[in-house]
2 protein chains.
Amino acid sequence: MSPAIFVDALQDELQSIQYGQDPPELYDPIRYIMSLGGKRMRPLLTLMATYLFTDDWQKAVRPALGVEVFHNFTLMHDDIMDQAPLRRGNPTVHEKWNGNTAILSGDVMLVNAYQLLLSIESDKLKLALERFSRTAAEVCEGQQMDMNFETRWNVTEAEYIDMIRLKTSVLLGYALELGGLIAGADAETTRHLYEGGMNIGVGFQLKDDLLDVYGDPAKFGKQVGGDIIANKKTFLLIEALQQAQGSIRDELTAWLTRTTFDKAEKVQAVTAIYDQLGIRQQTEVRINEYFARGFANFNEVNAIPDRKDLLIQFTRQLVERES
Amino acid sequence: MSPAIFVDALQDELQSIQYGQDPPELYDPIRYIMSLGGKRMRPLLTLMATYLFTDDWQKAVRPALGVEVFHNFTLMHDDIMDQAPLRRGNPTVHEKWNGNTAILSGDVMLVNAYQLLLSIESDKLKLALERFSRTAAEVCEGQQMDMNFETRWNVTEAEYIDMIRLKTSVLLGYALELGGLIAGADAETTRHLYEGGMNIGVGFQLKDDLLDVYGDPAKFGKQVGGDIIANKKTFLLIEALQQAQGSIRDELTAWLTRTTFDKAEKVQAVTAIYDQLGIRQQTEVRINEYFARGFANFNEVNAIPDRKDLLIQFTRQLVERES
């Protein structure tokens, strides 16, 4: 079994989904955002988790895409809230159409996500939807916390980890848990899958923060230092704000409050502050901690022999990514 | 059995719902909009429909509130799209907080609606949620059509009826269908309930349009003529635009395009045009047609003797309302 088979199955099913036709203003933005691609990481994790316990992984394809549609719904609404002009290099829905259309199309996408999840077998449906709904609410909680942090300078590491756990990691956890649920795995097993996905997810998000500053410009897809330029409250900035004292603190604060500056100069200066404080190493320690916890969770999962390799290889790719 | 018992049961359960606590910016707006009241028409219809077939109507209370939470979610998001300052005489959520909060709180409310519906017994859950999801998507379709109509002057009666059917009536139909489903009524019976609710709903919305112009100012809660002042594309205006010829058409068009005018004068003039064209009578004919169809649908429902009276009395109140 190769991951390409899962990827193809997801792609075929994605093509066949009928979101709806009329009025076109409502449904075109859904087809648009779903066509922008992305790694389809979440539904792939669901299929891999189902395959851990059964050959009949195909029954997980449609519910897995429910998780992907939900994820894209959150992107559509987050982009309105963040006033983001671009998503995966293309105009965001609220830019290409308008804000109202992005609100309403997103609303239908959330309904569509539930519709796809309704293909889960009846005896597993209630639990799968209860867990999905809890997760969906938590993702919204994380987004609200993220918005609240924008106007705060005293965010703690614990608060930040909690925010990224809710905003991004619980959905990775749920994607794996769902795969196990569909395969009929027991509660302890699905809990290990959920925790594993969540821990990998936190590590993944911290690595995102790290790569923005210390990524190889030749391999990193985006502009290195973009978060520094935008004063984005990443793990690195939060640590620096908690630890910097005296003149280093003054310099950091100066860079954060300056309204006109040379971008390259700011990136270089703030990176130098991170270097002085040892933020890179501290972040790497945390990332490795979360990844190690995630793999330990996967280790506890009692699967068909050899099948965990596929999941672990795929996860290792995510963990070792440089872009 | 008196409707007051249903009202009390809904109120008690509403008090007990834990939408969530943290972050407060996410959950306070939900408690706020749910506290603004309203007639709780939809969940009352669900309870009455369950009671048609069983004494155990209490098991429908929580799912019924799922329909009410969904309805209030649509109000929260519609108010953003319509830039409405007031809802039931109080500031709208996007005014009291801000647009982003209204988007995100609304999103969680849609999830909350599903969570409440997940209290439906397992053997009925899948069908109930499939029908709910279809209905929810249709409500969004209706809202998009309504927005599209704002910039069109050639909306036909058929298009308008289709829009109000989707935007408001299908949810009344679903509220009744859900009550039947929960009670274990067969598919033909739940279809009659759905159709009945939908037909009453269309009549109800047309009556809303009529009362805005021909309501008794002493009984009508809002300003009579508010729709005329705002050029709102109601059934009456659409009919007038389709039927007016010659000088009457010119006069109507003039009033619709004028940017400064005396409000009372405009209301009087447009009402006079409606009178000349016989719009009031035509609208009343349509209203009575839809109400008659709705009651005919209810007539087909095979319920415990005498129990239909409660539903029919309640619906008759809705139909005969003057505000």
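User: Is B:Glu121 buried, partly exposed or exposed?
Analyst: The model is a predicted one. The relative accessibility of B:Glu121 is 39%. Buried requires under 20% and exposed over 50%, so B:Glu121 counts as partly exposed.

User: In chain A, what is the N to O distance between the side chains of A:Lys124 and A:Glu121?
Analyst: A:Lys124 is buried, its relative accessible area being 18%, whereas A:Glu121 is partly exposed at 39%. Their side chains meet in a salt bridge. The N to O distance is 3.3 Å.

User: A:Lys59 also forms a salt bridge with A:Glu121; how many residues apart in sequence are the parts that this pair ties together?
Analyst: The closest N and O atoms of A:Lys59 and A:Glu121 are 3.5 Å apart. A:Lys59 lies in the loop between α3 (41-51) and α4 (61-81) of chain A, and A:Glu121 in the loop between α6 (99-117) and α7 (122-149), so the pair ties together parts separated in sequence by 62 residues.

User: Is A:Lys59 buried, partly exposed or exposed?
Analyst: The relative accessibility of A:Lys59 is 29%. This value lies between the limits of 20% and 50%, so A:Lys59 counts as partly exposed.

User: Which residues are linked with A:Glu157 in a network of salt bridges, and how many salt bridges does the structure hold over all chains?
Analyst: The network joins A:Glu157 with A:Arg286, A:Glu289 and A:Arg293. Over all chains, the number of salt bridges is 34.

User: Where does A:Arg88, a member of a positive surface patch, lie?
Analyst: The patch is formed by A:Arg88 together with A:Lys39, A:Lys222 and A:Lys232. A:Arg88 counts as partly exposed because its relative accessibility is 34%. Its place is the loop between β1 (86-87) and β2 (90-91) of chain A.

User: Is B:Arg42 buried or exposed?
Analyst: B:Arg42 belongs to helix α3 (residues 41-51) of chain B. Beyond residues up to four places away in sequence, B:Arg42 touches B:Val67, B:Glu68, B:His71, B:Leu171, B:Leu172 and B:Ala175. With a relative accessible area of 12%, B:Arg42 is buried.

Technical notes: Residues numbered from 1 in each chain as written. Chains lettered and ligands numbered in written order. Predicted model: local features only at pLDDT ≥ 70, side-chain atom pairs only at ≥ 80, totals over all residues. Heavy atoms only, no water. Patch = residues over 30% accessible without salt bridge, like charges linked within 9 Å, V, L, I, M, F, W, Y side chains within 5 Å. Areas by Shrake-Rupley, 256 points an atom, 1.4 Å probe, with all protein chains shown as cover. Salt bridge = Lys/Arg side-chain N within 4 Å of Asp/Glu carboxyl O. Lys, Arg positive; Asp, Glu negative; His and termini not counted. Charge placed at Lys NZ, Arg CZ, Asp CG, Glu CD. Helix = DSSP H or I, 4+ residues; strand = E, 2+ residues; numbered from the N terminus. Buried < 20%, exposed > 50% of the residue type's maximum accessible area, 1.4 Å probe, protein only. Contact = heavy atoms within 4.5 Å.
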